[in-house]
Amino acid sequence: MAEELALDLEELRQLHSSAKRPRILSLISSEIRSLEKLQASKEDGNAAAPPPTASQIPTPISTSVKAPINPALNYVSVSSFSWDQDMDKVKIYVFLEGVEQEKIQTDFKPLSFDVKFHDVKGKNYRCAVPKLNKEIVPEKCKVVVKPTRVIISLFKASKGDWPDLYSKEDKLKPNLDKEQDPMAGIMDLMKNMYEEGDDEMKRTIAKAWTDARSVKAEDALKSYR
């Protein structure tokens, strides 16, 4: 048994010297340490069971994560979304169809959030703000899936109005796709407000929409004069 351990250790050390990737080096190092401890215990006459190897130790998973983490996955950044707020929370509307609740991975922190949507029509999407304007309460935040959109609710640490979703220092605001209508986010928000609003809200939005179309029509007529 001792001879087999010595041979295993020698081979693992050779593998360690030729490995390059950090994760592989870490796994091999862990296995070497485990065998070294086992070898020492055998030499001391200690018949205690060997400690678990790296491959036997379960990987801890955060309670906020619902989908398995795979660092090799590629994500499409959600570059355009709508948001609104009240005194207690901020709601972010991501217009994606085909999202499954159990395939969402979330990471809420006091000044940031990162939500990943896996296997949405064959693609993986990611909506994140690296630095929010003000603090939130991570344990209260949640994600709700609707047929045509996903609603991310961020609960404010202190009541009040946010002047912006992003921190002034945040230099990583997502840019709109050059080929995308820059008004798309506003129109999506108005559509959502219309669907969820009361009769008065619907009348107000309908009037604003009609007035906007009238102005566009007048501008078009002026161009022909």
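**Exercise 1.** Is Ile32 buried or exposed, and in which helix does Ile32 lie?

*Solution.* Ile32 has a relative accessible area of 9%, so Ile32 is buried. The cut-offs are under 20% relative accessible area for buried, over 50% for exposed, and partly exposed in between, with a 1.4 Å probe and protein chains only. Ile32 lies in helix H2 (residues 22-43). Helices (H or I, at least four residues) and strands (E, at least two) are DSSP runs, numbered from the N terminus.

The model is predicted: local features need pLDDT of at least 70, side-chain atom pairs count only at pLDDT 80 or more, and totals for chains, interfaces and linings use all residues. Residues are numbered from 1 along each chain as its sequence is written, and side-chain values use heavy atoms, with hydrogens and water left out.

**Exercise 2.** Describe the surroundings of Lys116.

*Solution.* Start with the element: Lys116 is in strand E5 (residues 112-120). Next, its charge: Lys116 is buried yet has no salt bridge, a salt bridge being a side-chain nitrogen of Lys or Arg within 4 Å of a carboxyl oxygen of Asp or Glu. The nearest side chain of opposite charge, Asp114, is 4.5 Å away; Lys and Arg count as positive and Asp and Glu as negative, while His and the chain ends are not counted. Last, the contacts (heavy atoms within 4.5 Å): neighbours within four places in sequence aside, Lys116 touches Tyr75, Lys103, Ile104, Gln105, Tyr125 and Arg126.

**Exercise 3.** How many salt bridges does the whole structure hold, and which residues do they join?

*Solution.* The search finds six.

- Asp86 pairs with Lys89, the closest N and O atoms being 3.1 Å apart. Asp86 is partly exposed at 32%, and Lys89 is partly exposed at 21%.
- Glu100 and Lys103 meet at 3.7 Å, N to O. Glu100 has a relative accessible area of 31%, and Lys103 has 26% relative accessibility.
- Lys109 pairs with Asp107 at 4.0 Å between the closest N and O atoms. Lys109 is partly exposed at 44%, and Asp107 is partly exposed at 32%.

Shared partners also join Glu100, Lys103 and Asp119 into one salt-bridge network.
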